[in-house]
Amino acid sequence: MKLIIAIIQDDFSSRVIKSLTENKYMATKLSSTGGFLKSGSTTLLIGVEDEEVDNVVNIIKEQCKDKRVTKGRDEVIVGGANLFILDMYGYNKM
């Protein structure tokens with residue numbers, strides 16, 4: 001079992017959640033803020049079996065694209081999502 005922590009730009013979060021739901025994946029949504037641009041983001045907690053990780057990652061990749069953002073005089077490319085994939089030990093289904 002894996003825990004996917006997906007930090008997604010707010011611009012993409014509703015599309016990601018909709019696509020995950022359509023593919024029968026459940027996620028817990030947390031509002032968050034931070035990073036270089038101090039922009040809003042959504043953190044999703046998604047628990048999946050090991051063999052489902054690639055499917056979830058691909059769904060998120062399809063919905064989140066890099067974008068150019070101007071901050072003062074600088075223009076930066078901001079990724080749509082950052083993913084952390086963790087092993088879950090001692091997990092018991094309830």
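Q: What does the secondary structure of the protein chain come to?
A: The chain has two helices and six strands. Helices (H or I, at least four residues) and strands (E, at least two) are DSSP runs, numbered from the N terminus. This is a predicted model, in which local features need pLDDT of at least 70, side-chain atom pairs count only at pLDDT 80 or more, and totals for chains, interfaces and linings use all residues. Residues are numbered from 1 along each chain as its sequence is written, and side-chain values use heavy atoms, with hydrogens and water left out.

Q: In what order do the elements run?
A: From the N terminus on, the order is β-α-β-β-α-β-β-β.

Q: How many of the 94 residues count as buried, in percent?
A: Of the 94 residues, 31% are buried. Buried means under 20% relative accessible area, exposed over 50%, and partly exposed in between (1.4 Å probe, protein chains only).

Q: Which residues of the largest nonpolar core touch the most other members?
A: Leu20, Ile46 and Val56 do, in a core of 16 residues. A nonpolar core is a set of buried Ala, Val, Leu, Ile, Met, Phe, Trp, Tyr and Cys residues joined through side-chain atoms within 4.5 Å.

Q: Which elements give two or more residues to this core?
A: They are β1 (2–9), α1 (10–22), β3 (39–48) and α2 (53–63). The largest share, five residues, comes from α2.

Q: And what does isoleucine 46 touch?
A: Not counting residues up to four places away in sequence, isoleucine 46 touches Lys2, Leu3, Ile4, Leu20, Met26, Ala27, Val56 and Ile60. Contact means heavy atoms within 4.5 Å.

Q: Back to α2. Which of its residues are buried?
A: Val53, Val56, Val57, Ile59, Ile60 and Gln63 are buried in α2. They lie on the same side of α2 because they cover an arc of only 160° around the axis. The arc is that of the directions from the helix axis to the C-beta atoms.

Q: Which exposed residues does the face turned away from the buried side carry?
A: That face of α2 carries Asp54, Lys61 and Glu62.

Q: New topic: is β1 largely enclosed or open, and why?
A: Six of the eight residues of β1 are buried, so β1 is largely enclosed by the rest of the structure.

Q: How many bridges join β1 to β6?
A: Seven bridges join β1 to β6, and the two run antiparallel. Two strands pair if DSSP finds at least two bridges between them. Isoleucine 4 stands opposite isoleucine 85 in β6.

Q: Where does asparagine 82 lie?
A: Asparagine 82 lies in strand β6 (residues 81–87). Its relative accessible area is 47%, so asparagine 82 is partly exposed. Leaving aside neighbours within four places in sequence, asparagine 82 is in contact with Ile5, Ala6 and Ile7.

Q: What about serine 41, buried or exposed?
A: Serine 41 counts as buried, at 9% relative accessibility. Serine 41 lies in strand β3. Its contacts, apart from neighbours within four places in sequence, include Ile7, Asp10 and Leu30.

Q: How do β4 and β5 pair?
A: Strand β4 (residues 67–71) and strand β5 (residues 74–78) pair in the antiparallel sense over five bridges. Lysine 67 has valine 78 in β5 as its bridge partner.

Q: How many residues are between them in the hairpin?
A: There are two residues between β4 and β5, and glycine 72 in the turn has a positive phi of about 65°.
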